[in-house]
Amino acid sequence: MVGSPVLLIAIPLLAAFLIPLFGMVWKESVRIVPGLVLAYLTYLSASLYIEVINTDTIVEIIAGWRPPWGINLVFSPLTGFLTTIMTFMGFIVWLYSYRFKRNVEFEAAKKYFIFLMLLVAGSVGIVITGDIFNQFVFIEIVGISAYALTAFYTGRDSAEAAFKYLIMGSLSASALLIAIIIIYSQLGTLNMAEIAANIDNMNPYYRIIAMIFFIIGIGVEAEIFPLNGWAPDAYTEAPGPVGGAFSGIVAKAGIYAMVRMMFTLFDIAGPMKILIVIGLITLIVAETSALRQEKLKRMLAYSSIGQMGLVLVAFGMGTKAGVFAALFLMLNHAITKPMLFLSGSFLTFNTTEKYIKQITGMAKKMPVVSIIFVLGALAITGFPPFSGFWSKMAFLSAAADENLLFIMATILIISIFEVVYYFRVINRLFFFEYDDKISVEPHKPGFNGMIALFVLAFIVLMIGFYPSSVTGFIDLAADDLLNTHQYIDKVLQLGQTIIQ
Amino acid sequence: MINDKNSQKIADFIKNWARKHSIWVLAYGTGCGAIEIPPTMTSRYDAERLGVRGAATPRQADVLLITGYLTTKTLKRVIRVYEQMQDPKYVIGFGSCTINGGMYYDSYNTIKVLDKYLPVDVYINGCMPRPEAVLAGFGKLQQLIAEGKANGAQKYKDDHEYYRGNLRKIIGNKYEMPLYNW
Amino acid sequence: MDTTELIRIGVYGTSILLILIGLYAVLTKRSLIKIIIGLSIIDGGIHLLLIGIGYIKDGTAPIFSPGSENAVARMVDPVPQALVLTAIVIGFGVTAVALSLVIRLYRHHNTLKIDEIKNLKW
Amino acid sequence: METILTIFIIFIAGATGTYFLGKLSGILRSVIFITTLLVTSWLFFTAVSPDVIIEFEIMGILMSWGLTPLAYVFAIIVFGLAIIIGIYAIKAMEGQRSLNFFFANFLLSVMAMFGILISNDLISFFIFWEIMSWSSYFMVVLNHKDVQRSGITYIIFCVIGAYAMMMAIMIIYSYSGSVMIGDFISNFHAFSLGMKWLLPILLLIGFASKAALMPLHVWAPGAYSNSPMSYTALFSGALSKMGVYGMVIVMIMIVQQIPDGYWIKEVIAWLGGITSAIGTLWAIKQDDAKRMLAYSSVAQLGYIIVGVAIGTPLAMMSGLFLAVMHGIFKSTLFMVVGAIERQTGTSNFTEVTGLIRKMPWTFLAALMSIIALAGIPPLGGFIGKWMLYESLMGSNHYLLIIVIFFSSTAAFLYCYKFLFGFFLGQEEKEWSHVKEAPAMMVVPMIIMAILTFVLGVFPGLILKPINDGMQFLGYVSTDNRFWEMSTIFNDWGNQVVMEPIVYTIFAIFLFFLIFLTLKGYKNTRYVTTKDISSSGEIPREDENLTFITGFMQPFFRAVAPVMKRQIDKYYTSFGKGLEALFDFTRRIYTGNGQTYALYFVIFVILLLMFRDSLF
Amino acid sequence: MESVGYYILGVIVTIIVAFMVGMTYMGLSRKITARVQNRKGPPFYQNFIDAFKLASKETAIHHGFMHHAGPAFLMVASIMSVLIIPVLNDGKWFPNLNFDGDLIFLLYIMVFGPLGMALGAGQTGNPNSAIGVTRGLSQMVGFEIPWVMALVALMMQYQTTSLVDLMAVQQTTGWLMFSSPFAFLAAVLAMLGMFRYSPFDIVGAPTELASGPVSENGGKYLFTMMSSGSIFAFAKLTLYVDLFMGGADNLIELLIKTFTIYLIPMLYGMVSPRYRTEQAIRYFWGWPLFFGFLALVHAMVF
């Protein structure tokens, strides 16, 4: 064993506290240490993941308390998959934002990296924890760091965005807490496996109420429709890499929490109407809103929300193929959307408004970044031979298996809008003349940022040309999510063995 | 193929016969004389029985019919039209005005003597000449054609400078005429 | 209905009332500060609820001390208390962040009216 | 198996090389570009045969590549056009923007088309289809002209078609577990009745959108006219034929298996007929040559679709023959427009006139292609038209024949307008400096023009592969029944022997041409177009006497009721309405944090209310 | 299989006969018009004189290649159509190219001439020519529709696209004029436009367009056009006779029948003023189209 899953949470938390101390010694370490930490986390997560695939799920017990009572971490093919993506994306975001803005001085950079560490720690925690209250705590950690990151820039409307996020976040935390209270009062336990094992004993009335509050509580992070008013604002006002982190890390954690709750905690088998309905509404509202956006990041934000809706629909089908498609969509989205955010952030670097019209003709000045942006756009709209196509295909195939023709049609129609707004931007970028009056001053992207973009672009192309490179992992993860009994057994057996 | 004089004569005879019986007229209705053309062509006098027929453009016409007085303003246009016509081509001066100015003998802006500007083959006298006179004029022209004497075009070709000089006196050098179109 | 039930209903009722009051503040008050107060009231209500489910009549502190091993039945459930402590801490943190944001907002917009702070929309 | 893969690799390597090495020098770029095209074509024509099939697996889906005889016909179009247009493009694109991108993308497009033709399964078909879509999209907007309007329109219709197709493919995959076209066809009878109707219709929407069938044709004018002409030649000539290719397969292999599928055929055939009529009418109205040819392409594709949809052996043959012919003459015309635009800087009839003496070879190419387009006997277009009419006659589509004939007759109007507008009419001083296009552009055009003639005399040259392709589609061999090398037959055994006719026509033509030219040759001289009989008035040099504005006005006064309703307008207002609606709905995000909190509460209440139906 | 020389001889004879007959008919038309207008009128051979004069007239100018080629195109169309249309029923006298005389081929070759002519007219650069051409093409779109409908009706009724077959049919069933009256009506009304006599003389439109497309052509060009026009007129008349009146067994019968047909547009034209272009198109899309539909219905029912 290369390490323990607990390190995945402990190290970034520790790093977050130590960064200011390092900063006192050597200012540059504020920027370097997070990178090292994230690189290590990625390595750790990946190697653990490979081990998990080859052997068995790791269930880690914290502080010696046995699973039904104590907190346990579950590092299964599913969680390992997501953790690896998250840590990797965290590393990419670090790579990109290392000296993101030279004018960001030491204090700001310190805060930024502290909160980034917290964000990654919280997100990873949400995914690998096996305890609902613990999950709540991690959600709050993610929340607080996200508020802080959103409000990173002073002098803009970022505080406003952060405040909206905060209102929604605390309301949702309250709802989540209520759900936890209901479950605890009914079942007397907080352990997911235990809850899952006993969920049938629960009063159906309370069960549904608890589920509703869960959905609401997690829905804010998962960006489902009526609860996502904060998201466009936060994505817009947060620094570019943070937007990437939100879409690549936080939203994934939120979705994970939601589906884990639906699939494992409440052990719903078969299609989940609620997820499909919410997902579809989210998708439609977000994509149609994105169609009319004037700001680049805001458009990307709405697109991100829409993708989350799509993922929810895919999960909602509840079949193996649906889950597979959903995980594939998550993977692609986690890679592509940060790519768009990061490259878009380079393109609009020298403007605070981030209007789409301000990138008119930028491809002449920043060709490589523009091409990567286009690559991302083509991938996310599902044009072959890029990565998005395969996930979209998997999704449609899953929907067709379930005979959900209406949903297929709806999603394809909505995809047309998606194509339209992305291609509008591409047109502006490439096929308009550079205009001194409206276009922004081009920015010379840093070396590290370009590396980050190249890595992402490589992954997009790799998945696009050779999807089998990732489908095996996704397949295992999907199996893991669907096999509730295995989960319960794995966690509770551990408790049994320790008792014996 | 047939180059000797006799056969040339025969060919000319046939050609002239055909030309005689097929006279396509471009009536340049410059003055009041134009009013006499319709009666000439229609039922009562029916010039068509002689093979006389209107032509729409100078390219197709054989005869340029100057009906009446010619103002200095229209002169260059008439000459232009004449120059655009294809050989063989003939000019008929119609009415007194084309001969000596007629009732416009003292007008400051009409052409008194058409002969100075265009090689007129046949003049038709009268103010106005009645259709009978017009038909008589066509008859005279046919006679001239048959005899091979209607060689106004040749005259124009030979004395081009003379005609051009007269034209220049009227319109000056302000207006460049294009090259002559044979 | 014995007193336990009464107390329990009382606690639940109070907590729900608190939550509703907080919601009322959040939804209707236009001042940012009042909204934050509302959020805190909601938090308070939930904490009360959380404590309430662990309530046992004449309960003792959940401390295993020598000599009172047989008092396990009368012990109140320790978990909600642990949870509520955590939740309070988190609530405190959130409130602190919120207040700092309010300061920023006031500097930037020169107002605390929430419906005047909507530069980001649509 | 390696050959197909090698061709793809060469294409990709060529595209990459063209893009990156092109930055070093233009000559290198051209050399790589042409070499790629030549090598791939050579490999294709020599080493690819219908027997070879590659199979491989992606994401657990079995895919296979292999050439079918039907695809071979279209591959001839694609590769033939690609080479000729490629040579043309090198010179024609000189001095234009983004050359590296253009040539690389050109290769990608050709590769995508080749991929479509080589695909035996729906997934790789779709992948190449989409590659073709976006690569052609980038060409449409490459000129930076009317980008947001025509470009977006094009991509919308691309994706509408593609998504309809994808939906069908996914249904097929999930129902039958195989994406092979062959499996789909043989298993089609096992689908439920609803699916039997839905699947072909979805697939047809996909193909029709590329083939610019009537309600889905609105992208064509903008897209064709805005891309560089060197690409539009390929776009209209070869790329739109991919839609036809798909339609052939669907109409013949699948629609025939539907009970009452007859109606689909009828509807498509009528749509094709109406498309051709409407396209022709709008083509006449255009003042810009590119737009005119674009509408003309729409109309011509209408004929092809009629032939394909009717589906009798003769009709199918005529449709495919017309597809080949359209590829030849329409791309020539687009090349002509490209040459004119390059030499004069504009492609508007109302601006350019009287180029015939400046660009005689271009005119010759244009004349031949126009005659072929109009379907006038000595050239190839006639063969296709003849077979089309005969097949319509033989299959009792009498009203359709009237519609087709109307559009074909009305086509003379724009044919004439094209020749007159550019080449004939008054020679203006403004264009006196214009020179003939460079030889590298003229020669391809002339080659194509000669091809129209050759195929007019010997239609058998192309009818032979078409016959093979049709045998693949399940028709009985039409050997010696519908065609010989120079003779065409109809359903009732009537025949036309093209050779003597063509020779007679040329004999008569040459006789009178020589007569008219040589009679009195010594005394004859050329005069400019200023020397015209204009009532004696002498046109000044700077005076534009050309009659071209409002060219066919009387005709349009007669057909005004038909022209009043434009489908574009409906689409535009629909789009505007949608955008207004979305503008309204996105006001849900009011920007007020309190409102979001309210949504939160409402959401809770809603979920609680509908908990029974939702969970 | 006769020799090629025999064929060529037949072709030349056919052309000459067509030329003579066409010219004579046109002369007769002028004569008859004159008589109707209470004039004496030119002699019936006036057109020959005109043609000869035009041929003998010098043509000193040309406007370029298409100016030569335009009339040649016109000639191709008229000669090809006269070669393809069977002149007589047995075909011994005029052994021409009529390979089962295909009707669709004929339809296209017949519109080829006007288009070529239009190209020739285009190069002269005269605006009047272009206006005339647009009018002519527009009108063509007008009258082709009822004409094609009539043909389609015939073709569908007898399941052939061959003119020879249709002629053979009439040997047994009698004239198609009586068995398919609506087709005949539609075709005859379309013929009015085809012959371009008044009221459909909008192409040349004397005094309005200065003879339209031919306004720059004199001498040899006009001669070619005139002869082509006469050959073409003969071809069209023969086509009508072949289609609707059972063809002709000998030349006399042919002349009688063709002249009868020829009288229709001629007499109609004498008493009608000129239409405007759109009026002409609307005319053809009115009653003729209606008759065309009736013809189709008739052919479908019977």
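Predicted model: local features only at pLDDT ≥ 70, side-chain atom pairs only at ≥ 80, totals over all residues.

1. Burial in chain E. Of its 302 residues, 68% count as buried. Among the contacts in chain E with a separation of 6 or more, 80% are made by residues 24 or more positions apart.

2. Fold and dimensions of chain E. Chain E contains 12 helices and 1 strand. Their order from the N terminus is α-α-β-α-α-α-α-α-α-α-α-α-α. The radius of gyration of chain E is 19 Å, close to the 19 Å given by the globule rule for 302 residues, so chain E is as compact as a globular protein of that length. Along the principal axes, the C-alpha atoms of chain E occupy a box of roughly 55 × 50 × 40 Å.

3. Chain A and chain E, by contrast, are joined by no contact, and their closest C-alpha atoms are 40 Å apart. Chain C and chain E are likewise without a contact, with 54 Å between their closest C-alpha atoms.

4. Fold and dimensions of chain B. Chain B has 7 helices and 7 strands, arranged along the sequence as α-β-α-β-β-β-α-β-α-β-β-α-α-α. A compact globule of 182 residues would have a radius of gyration near 16 Å, and the 17 Å of chain B agrees with this. The C-alpha trace of chain B spans about 50 × 40 × 25 Å along its principal axes. Buried residues account for 47% of the 182 residues in chain B. Where contacts in chain B link residues at least 6 apart in sequence, 80% of them join residues at least 24 apart.

5. Confidence in chain B. The mean pLDDT of chain B is 82, and 93% of its residues reach 70 or more. Among the elements of chain B, strand E7 (residues 122-124) has the highest mean pLDDT, 88, whereas helix H7 (residues 160-171) has the lowest, 82.

6. Contact between chains B and D. Chain B contributes 10 residues to this contact and chain D contributes 6 residues. On the side of chain B that touches chain D, the residues comprise 4 nonpolar, 3 polar and 3 charged.

7. Surroundings of D:Ser135. D:Ser135 is placed in helix H5 (residues 122-140) of chain D. Is D:Ser135 buried or exposed? D:Ser135 counts as buried because it has 22 C-beta neighbours inside 10 Å, where 20 or more are required. Apart from neighbours within four places in sequence, D:Ser135 is in contact with D:Asn105, D:Leu108, D:Ser109 and D:Ala112. D:Asn105 is 30 residues away from D:Ser135 along the chain, yet their C-alpha atoms are separated by 6.0 Å.

8. Cis peptide bonds. Most peptide bonds are trans, and most residues other than glycine have a negative phi. A:Pro384 and A:Pro385 are joined by a cis peptide bond with omega of about 0°. A:Pro385 is located in the loop between helix H14 (367-380) and helix H15 (387-401) of chain A. In chain B, a cis peptide bond with omega of about -10° joins B:Cys127 and B:Met128. B:Met128 is found in the loop between E7 and helix H5 (131-147) of chain B.

9. Positive phi values. A:Glu223, although not a glycine, has a positive phi of about 60°. This residue, A:Glu223, lies in the loop between helix H8 (204-222) and helix H9 (230-237) of chain A, and A:Glu223 counts as buried because it has 30 C-beta neighbours inside 10 Å. D:Ala212 has a positive phi near 55° and is likewise a residue other than glycine. D:Ala212 occupies the loop between helix H8 (193-211) and helix H9 (219-226) of chain D. With 29 C-beta neighbours inside 10 Å, D:Ala212 counts as buried.

Key:
Residues numbered from 1 in each chain as written. Chains lettered and ligands numbered in written order. Helix = DSSP H or I, 4+ residues; strand = E, 2+ residues; numbered from the N terminus. Rg over C-alpha atoms; globule rule 2.2 N^0.38 Å. Buried ≥ 20, exposed ≤ 12 C-beta atoms within 10 Å, placed from the backbone. Contact = placed C-beta atoms within 7 Å. Nonpolar A, V, L, I, M, F, W, Y, C, P; charged D, E, K, R; others polar. pLDDT = per-residue confidence, 0-100.
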